[in-house]
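Welcome! Please open your viewer, get ready to select residues by chain and number, and follow along stop by stop.

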There are 2 protein chains.
Amino acid sequence: MKIGILGYGTVASGLVDIIDNNKDKRDISIEGILVRDVSKHAHRKHAEVLTSDIEDIFNKDVDVIVELLGGLHPSYEYLKRALENKINVVTANKDMLAEFGGELVSIAKENGVCIKFEASVGGGIPVLKPLIESLEGNEIDSISAILNGTTNFILSKMYDENLSYDEALKQAQELGFAEANPESDVMGYDAGRKLSILSTLSFKKRIYWKDFYLEGINNIEPKDIEYAKQLGCKIKLVGRSKINNGKVNGYVRPVLVGNDDIISKIDNEFNIIVVNGDFLGEVSFVGKGAGKDATGSAVYADVLDIYDHRLNNVDAFIKEKVDVDKVVSHECKALLRFKKPQKDKIISVLKDKLIDSKVIAQDDELAVVVDAPSECAINDSIKFIKDNNYCEDSSKILKLS
Amino acid sequence: MKIGILGYGTVASGLVDIIDNNKDKRDISIEGILVRDVSKHAHRKHAEVLTSDIEDIFNKDVDVIVELLGGLHPSYEYLKRALENKINVVTANKDMLAEFGGELVSIAKENGVCIKFEASVGGGIPVLKPLIESLEGNEIDSISAILNGTTNFILSKMYDENLSYDEALKQAQELGFAEANPESDVMGYDAGRKLSILSTLSFKKRIYWKDFYLEGINNIEPKDIEYAKQLGCKIKLVGRSKINNGKVNGYVRPVLVGNDDIISKIDNEFNIIVVNGDFLGEVSFVGKGAGKDATGSAVYADVLDIYDHRLNNVDAFIKEKVDVDKVVSHECKALLRFKKPQKDKIISVLKDKLIDSKVIAQDDELAVVVDAPSECAINDSIKFIKDNNYCEDSSKILKLS
């Protein structure tokens, strides 16, 4: 089978290694690798097929184009053209799928080819294929997941070594776990895109990432971690989405996770995806959410699906779009912090408006764990407290439930 | 597609529910259900296709036979005949696969049909398909797993409620988690069979379950659990197999698992399978290891693979058999207990023969955590202690490493 690879970054070089390593079992010929500057890669494996001209790839009559450029453009144009030319496509590009997934799947179907994207969620963890094929008989009603290795690494460092957010981010950048501009990771955008792909496949409705409530980890303070420890919890950036009577509720946000929850055990660059099916119950997939070789392994599995003619496309991306509810509408717990508080007044408001509240610290600030009928009830209480100037500032971290 | 089902126990009734539930999406017609006594099932769904005569199933020209009878005979004969008649086969029967897997796969290949068995390991957890298809590019070098829900339930009860083994077993039996004759579960035979299937698929060599070192949980005492807690561990019945330079080392036995290990988080009827691939790193699959609906979901996924013409067979079962080394040959830790001990003499033997040893209790018995160059070194020390009558009795629990 003949393939062309767009891009020669870390994941592409992982893929090339696996293809070479399995040469005797699977005859996959790399016909072209698209890079911006050929001379920069001249010392690398398969340098003889490097090109900076996309036409060279299309002229090679390849069976599969593997897109590992990232970004929306020109990846989208290249893949659209590939599918229209009846070339199968493998991509790890979650940004593009989150945006153009529906259109690309439609074009693939019209042309009798397929688009595969296992590596777009959870790095090397095999999760999309099990979700689509092995859980097909199940109605999936919820997903809880750690989908971003960078933020999980930062939060693990803050927890284990009592670092500030800035210190932990700096370490992550030095070790190559975070990019120079970490916005997409730390603000939850990356996890949101992955959660939208998982939710679309699981609920069989088109769900866009910008419709989730998204909150980053950049405001998490050592003090929050300290309280979390005191409560027998960790703080994790969790993507959660739920469907109930056709309505989807979803977020990516830092939440308290109890130490007895398997999600709390997933540290550093590891990811976890927990889905709940009506027949199967809860099933979890855990592994490295990023990295050259792990992600390369997932891309390679997609390539083999095409090699073995397992060519099914996923219809969910072309289903109707649903609105996503951003606040938690069921009973929930949260940690609230109030700076410069009028303690008695705040406690009285919380006692009045919520189900239960328990003060866990009252030195220079007031920290309270509340139990509320919904997140709105918590927000209303905080608004009332602020409107009455009972504190100078406040923060809220929900508990995962 | 037309199917025949052999057996109408819990898993079969889960399967029937899923088929009925998904009728509008997948046109699967149940043509026959083989039971011993038709009258006993006359009140159930699809009673009109019940039969006690296997010929009725073979006469129906079915595309798939789903075997959920369990046991070796006559399941083996039925499936052999089905494959020879070019009928695809789905089975959840790990006993039969462990014994006759190679022969059945060969017959399937000769006849251009396939045999699928996702539900034989890990109940509803999708693990065999990801292992075979999604991890194909990886060399897998180790597996660690909790593969038996009954024993995990018993050990969880012992840990959480300080019950004795007998009390916990009784509870498990009352709740339907353990059978009247629990031997196959509690002695590790069931987990051993599943580990042999996983190891065969992962290492691509034929591995038989009786070649593993197998030790049950029936000798675990509340005192062992108490020590485990003291050491920040749980005791879990773990199946572990490793390949190194073509040599396989493997066991199913109760081991100490540190609280920071994800395996320690898997309680009650849940199972976990952790595999380590050279490209992917460690990936884990977690879910319910048994139960009507969960296992039915896995059988249904196999049926859909045939429906969608994903018909690949697994060659590993017809590969050469390898010998399995039963003792841990690398550095390891263990908890040793000595009854009626001559304490100083025992401690001096351990200090002499092993790397390190730490006394953790010395009331009516001596309990020591040792660090040893290999399990043989530990066994030799114990033998020396016993030969010299330095104690009346002893026990050993390895730590998972």
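This is a predicted model: local features need pLDDT of at least 70, side-chain atom pairs count only at pLDDT 80 or more; totals for chains, interfaces and linings use all residues.

## Stop 1

In the one formed by Phe285(A) and Phe285(B), the ring centres are 6.1 Å apart and the planes stand at 85°, so the pair is edge-to-face. Where do Phe285(A) and Phe285(B) lie? Phe285(A) is in strand 12 (residues 281-288) of chain A and Phe285(B) is in strand 12 (residues 281-288) of chain B, so this pair joins two chains.

Next, stay with rings and select Phe117(B) together with Phe317(B). They form an edge-to-face aromatic pair, with 5.6 Å from centre to centre and 85° between the planes. Phe117(B) sits in the loop between strand 6 (115-116) and helix 5 (128-134) of chain B, while Phe317(B) sits in the loop between helix 11 (292-307) and strand 13 (324-325) of chain B, so the pair ties together parts that are 200 residues apart in sequence. Are these two buried or exposed? Both Phe117(B) and Phe317(B) are buried.

## Stop 2: Charges over rings

Go to chain A and select Tyr208(A) with Arg206(A). The charged end of Arg206(A) sits over the ring of Tyr208(A), 4.2 Å from the ring centre. Then try Tyr159(A) with Lys229(A): here the charged end of Lys229(A) sits over the tyrosine ring, 4.6 Å from its centre.

## Stop 3: Charged pairs

Side chains of opposite charge can pair when their charged atoms come close. How many salt bridges are there over all chains? The count comes to 66. Let us visit a few.

Select Lys45(A) and Asp17(A). They form a salt bridge whose closest N and O atoms are 2.8 Å apart. This pair links distant parts of the chain, 28 residues apart: Lys45(A) is in the loop between strand 2 (29-34) and strand 3 (50-51) of chain A, and Asp17(A) is in helix 1 (residues 10-21) of chain A. Lys45(A) is partly exposed, at 41% relative accessibility, and Asp17(A) is partly exposed too, at 21%.

Move on to Arg337(A) and Glu221(A), a salt bridge with its closest N and O atoms 2.9 Å apart. Again distant parts of the chain are linked, 116 residues apart: Arg337(A) belongs to strand 14 (residues 332-339) of chain A, and Glu221(A) to the loop between strand 8 (213-214) and helix 10 (222-230) of chain A. Arg337(A) counts as buried at 4% relative accessibility, whereas Glu221(A) is partly exposed at 29%.

Now select Asp387(A) and Lys383(A), whose side chains meet in a salt bridge (2.9 Å, N to O). These residues are four apart in helix 13 (residues 375-387) of chain A, so about one helical turn separates them.

For a network of salt bridges, select Arg26(A), Lys116(A), Lys129(A), Asp305(A), Asp308(A), Arg310(A), Glu133(B) and Glu136(B), which are linked together.

## Stop 4: Zoom out

Finally, colour chain A by domain: domain 1 (2-116), domain 2 (128-290 + 320-325) and domain 3 (332-398). What separates the centres of domain 1 and domain 3 of chain A? Taken over C-alpha atoms, the separation is 52 Å.

Notes. Residues are numbered from 1 along each chain as its sequence is written. Chains are lettered from A and ligands numbered from 1 in the order in which they are written. Side-chain values use heavy atoms; hydrogens and water are left out. Domain bounds come from an automatic or database domain assignment. A salt bridge is a side-chain nitrogen of Lys or Arg within 4 Å of a carboxyl oxygen of Asp or Glu. Buried means under 20% relative accessible area, exposed over 50%, partly exposed in between (1.4 Å probe, protein chains only). Rings of Phe, Tyr and Trp (its six-membered ring) pair if their centres lie within 6.5 Å; planes under 30 degrees apart count as stacked, over 60 as edge-to-face and the rest as tilted. A charge sits over a ring if NZ of Lys or CZ of Arg is within 6 Å of the ring centre and within 35 degrees of the ring normal.
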